[in-house]
Amino acid sequence: MTIRYLVGDATALRGGASKLLVHVCNDAGKWGKGFVVAISRRWKDPEQSFQAWFRGKTSQRFALGEVQLVQVEPSLWVANLVGQHGVASKKRSEPPIRYDAIRIGLANVREHAMRLDASVHMPRIGCGLAGGRWDEIEPILASELAGIDVTVYDVA
């Protein structure tokens, strides 16, 4: 599998007909810092759906490794992947990233991408506020998204 790297806005996706935009959420129900700000600026439904999901107002289980798909355009879905336990703080020495949850979530993303015949797009998930390292995330991507077109966007 080849991961294509582009410089640009990860909410302005390029290429492919159907697309999944993947990002990492926390299991504390917090939304308002990091990449989610760009998502909310562009579309309102991913945040509203995430909050309803977190509050138990959907039938889908909310837990680490789970993925919620939110359709924001006719052939574009935002994948809210719960891969972070809590949020970063000065009181906490361990980063909130949970690599096992990222692996499980990306396996779920792969199933959705295959069903929708969609390419997968993302920023460097888990490497911002979640405190993850790309050298650990990238091999998980390669393993779990094998056979899927993947584009990773870096901020200009």
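The largest pocket holds about 740 Å³ of space. A pocket here is an open set of points on a 1 Å grid where a 1.4 Å probe fits, with protein on both sides within 12 Å along at least five of seven lines. The model is predicted: local features need pLDDT of at least 70 and side-chain atom pairs 80 or more, while totals for linings use all residues. Residues are numbered from 1 along each chain, and side-chain values use heavy atoms, without hydrogens and water.

The pocket is lined by 28 residues, and K33, G34, F35, V36 and L129 sit closest to its centre; lining means an atom within 4 Å of a point. β2 (18–26), α1 (35–42) and β6 (150–154) each give two or more residues to this lining, and β2 gives the most, with four.

Now the helices. α3 (residues 99–116) and α4 (residues 134–144) pack at about 30°, axes 9 Å apart, so α3 is roughly parallel to α4 (under 35 degrees). Y99, I102, R103, L106, A107 and R110 of α3 meet E136, I137, I140, L141, S143 and E144 of α4, where contact means heavy atoms within 4.5 Å.

Here's how the residues divide:

Technical notes:
Axes fitted to C-alpha atoms, helices over the stretch in contact; angles between N-to-C directions. Parallel < 35°, antiparallel > 145°, perpendicular 65-115°, else oblique. Points joined across faces, edges and corners; volume = space filled by probe spheres on them.
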